[in-house]
Amino acid sequence: MEIPTAALIDCGLPAEAANQLVDLLRQTPIRSDEELWRFLIAEVLTPEIPFSVHQLLYQRVLQERLANGKPAPAWFPGERELKDSHLATWASDLNLDDFDSLYHWSITNRDSFTTKLIDSLKIQFREPPQQIMDLNAGVEQVEWLRGATLNIVESCLREKSEETAILFQRGTDEVQRISYRELRVLTARVANGLTEAGIKPGERVAVMMPMTPESVAIFLGIIAAGCVVVTIADSFSAEEMQVRLKITAPRLIFIQDVITRNGRHLPLFEKLASLDDLPAVVIPESESLAISLRKDDQRWSEFLSDNSELSCVPRLPHDESTILFSSGTTGSPKGISWDQTTPIKSAGDGYLHHDIHVGDIVCWPTNLGWMMGPWLVYASLINDATIALSDAVPTSRRFCEFVQNAGVTMLGLVPSIVSAWRSQDATAGLDWSHIKVFSSTGECSNPEDMLWLMSRAGYRPVIEYCGGTETGGGYITGTVLKPGVPGLFSCPALGFEWLLLSESGEDTTNGEVFFVPPVIGLSTRLINRDHHAVYFADITPGPDGQVLRRHGDQIEALSGGYFRAHGRVDDAMNLGGIKVSSVQIEELLTQAGGVREVAAIAVAPPGGGPSQLVIFVVMQKGVPFVATELQQQMQQIIRSQLNPLFKIHAVREIEQLPRTASNKVMRRTLRDLY
């Protein structure tokens with residue numbers, strides 16, 4: 001293949017290097033585009049070479065596939081993945097030839113799949129299950145692990161001592177460590193402190209903290225005590241926090257005093273000002289900061305028990321362990337209950353699809369208030385790996401340096417973080433060669449950004465990962481057994497069957513996702529909604545008579561078993577990796593001056609990638625529409641009352657909102673109009 005020297009020079013490659021590369025390509029016998037690309041990423045394309053050169057060669061080498069809309073892999077599995085990955089080991093154990101046959105086995109032998117997963121993860125039981133999957137109450141209310149008792153914390157902290165449980169960076173650039181023994185001791189002191197405070201198994205305890213070693217121990221300690229964690233994201237406004245606390249009515253809340261970001265102290269504890277009846281345990285970010293506690297509050301050092309022996313309270317598999325929140329198609333958030341079996345799904349996806357091995361170092365900038373926080377804890381600790389945590393802003397150079405210095409081997413993120421890194425060239429000069437796997441979730445990915453990300457670690461795969469709080473993990477993902485295509489999913493999650501259906505309920509290659517339960521980890525109850533009404537009501541059975549469960553994502557099936565995400569088909573949207581209801585945004589923005597009606601939509605940018613928030617407004621009669629002023633006002637409302645991470649991309653005026661006969665806003669029409 002001929003690449004013009006001038007084109008390489010235009011991309012930033014020095015003339016001498018450009019001539020050498022052209023000569024090398026002329027002298028190297030290559031039989032196919034795949035063989036040529038493999039040669040380039042193995043021998044030529046280092047992170048030091050300008051990314052525009054990577055991009056040019058990718059587009060030239062794979063131009064036929066790209067022009068015809070076919071998946072164009074940028075990474076190919078090597079001997080390690082094909083022989084030593086957990087998926088390869090499973091396929092060998094079961095005498096199966098490839099991933100597709102392994103997936104088919106997993107959804108046609110659900111009992112055997114779940115048993116093998118539990119065994120592979122070494123899940124600890126006080127009493128082993130008498131039956132893996134009891135369907136006497138139907139697939140909507142499947143009973144997992146009937147007859148068993150367990151506490152999932154015992155599977156997180158089993159038989160490990162001086163191995164590293166957490167690597168963390170706080171305040172300085174030094175990377176510190178906590179061993180499994182030390183984490184077990186701190187977890188025990190939290191659990192015993194709860195017992196000494198009179199909090200009983202089954203009662204709820206809230207956490208509103210950034211991701212720190214203390215918050216991990218608090219999370220595990222609450223569950224070890226047999227209690228239920230209510231997780232609230234630290235970015236929420238006081239109003240949003242109060243909504244979640246009212247729904248769950250916890251006995252106690254663990255909360256940090258402040259969070260420091262870019263030199264600014266952002267208050268957390270003061271958000272409790274109007275909740276005098278909820279006692280708090282306050283964790284100081286810095287001993288130099290002094291805050292005044294209320295009458296029933298305690299400082300962290302006063303709360304911790306002197307008893308450092310961990311004795312986990314055994315629970316039934318379906319007993320609540322965690323309550324997380326997710327926005328649906330109505331304004332108030334859904335309270336989703338995770339039980340003692342949900343972590344098996346989280347850790348299982350980490351084991352099978354992210355290929356997390358003993359001793360791996362797993363980093364995912366997240367928070368316990370979003371499902372990827374608990375996922376990170378379970379996927380790391382149950383797989384005998386290390387959690388890597390940093391207080392650095394995820395989009396910053398400092399965070400990228402932490403990834404290098406901590407030796408991260410599995411790095412998760414949301415696509416908007418990658419876009420920020422790329423625009424700032426935040427990884428320049430860093431060594432990310434330890435990374436074996438990336439993962440991306442929360443938003444639709446931009447293929448160019450994901451190619452850039454792969455190239456920063458000498459071409460490693462990006463496991464696109466999509467599920468939801470109510471799934472405990474992913475239903476569609478990637479695998480290290482198949483070539484990786486930037487921005488595309490490469491497979492359904494093992495053990496998770498789903499269909500793509502058109503609006504008329506027929507099989508299609510581009511449609512709405514419907515789950516085919518049962519799947520371990522999939523929710524069976526909501527704490528403030530009717531679970532059946534939300535997920536199952538009024539759904540026609542599948543083509544083979546299957547009970548179907550609605551999910552709301554739109555997915556397109558491509559050739560070669562790959563998939564592309566197209567966002568949501570319902571009134572929910574993903575912004576910055578956070579699922580939020582359109583209605584929730586609209587209810588707030590009607591406060592803006594002169595506005596009569598508001599509709600919020602999420603739109604994909606022309607090149608693909610994370611959704612952008614666009615607001616349509618109908619103005620009151622006689623009130624002029626001034627886009628910049630209205631956008632600033634609305635942004636301030638969202639920042640103060642919902643989430644400062646949500647950015648309005650544009651505000652548009654419309655004379656009348658398009659509605660259905662039942663008066664529902666037609667957001668698809670607005671997206672098409674925009």
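These legends describe close-up views of one predicted model.

Residues are numbered from 1 along each chain as its sequence is written. In this predicted model, local features need pLDDT of at least 70, side-chain atom pairs count only at pLDDT 80 or more, totals for chains, interfaces and linings use all residues, and side-chain values use heavy atoms, with hydrogens and water left out.

**View 1. Helix 7 packs against helix 8.** Helices (H or I, at least four residues) and strands (E, at least two) are DSSP runs, numbered from the N terminus. Helix 7 spans residues 86-93 and helix 8 spans residues 99-108. Their axes are 10 Å apart, at an angle of about 70°. That makes helix 7 roughly perpendicular to helix 8. Angles of 65 to 115 degrees count as roughly perpendicular, under 35 as roughly parallel, over 145 as roughly antiparallel, and the rest as oblique. Axes are lines fitted to C-alpha atoms, for helices over the stretch in contact, and angles run from 0 to 180 degrees between N-to-C directions. Leu 87, Trp 90 and Ala 91 in helix 7 meet Phe 99, Leu 102 and Trp 105 in helix 8. Contact means heavy atoms within 4.5 Å. By class, this contact has 6 nonpolar, no polar and no charged residues. Ala, Val, Leu, Ile, Met, Phe, Trp, Tyr, Cys and Pro count as nonpolar; Asp, Glu, Lys and Arg as charged; the others, Gly among them, as polar.

**View 2. Helix 15 is buried.** Helix 15 covers residues 342-352. Of its 11 residues, 11 are buried, so helix 15 is largely enclosed by the rest of the structure. Buried means under 20% relative accessible area, exposed over 50%, and partly exposed in between (1.4 Å probe, protein chains only). Among the buried residues are Lys 345, Asp 349 and Tyr 351. The cover includes helix 7, helix 9 (110-121) and helix 16 (372-381). It also includes strand 2 (143-146), strand 13 and strand 20 (473-477).

View 3. Two strands pair if DSSP finds at least two bridges between them. Strand 10 (residues 280-283) and strand 11 pair in the parallel sense over 2 bridges. Val 282 has Arg 299 in strand 11 as its bridge partner.

View 4. A disulfide is a pair of cysteine sulfur atoms within 2.5 Å. Cys 312 is in no disulfide; its nearest cysteine sulfur, that of Cys 156, is 9.1 Å away. Cys 312 is buried, at 5% relative accessibility. Cys 444 is in no disulfide either. The nearest cysteine sulfur to Cys 444 belongs to Cys 466, 7.9 Å away. Cys 444 is buried too, with a relative accessible area of 17%.

**View 5. Backbone details at Leu 145, Glu 159 and Pro 518.** Most residues other than glycine have a negative phi, and most peptide bonds are trans. Leu 145 has a positive phi of about 60°. Leu 145 lies in strand 2 and is buried, at 0% relative accessibility. Glu 159 has a positive phi of about 40°. Glu 159 sits in the loop between helix 10 (153-156) and strand 3 (164-169). Glu 159 is exposed, at 79% relative accessibility. The peptide bond from Pro 517 to Pro 518 is cis, with omega near 10°. Pro 518 is in the loop between strand 23 (510-516) and helix 20 (531-535).
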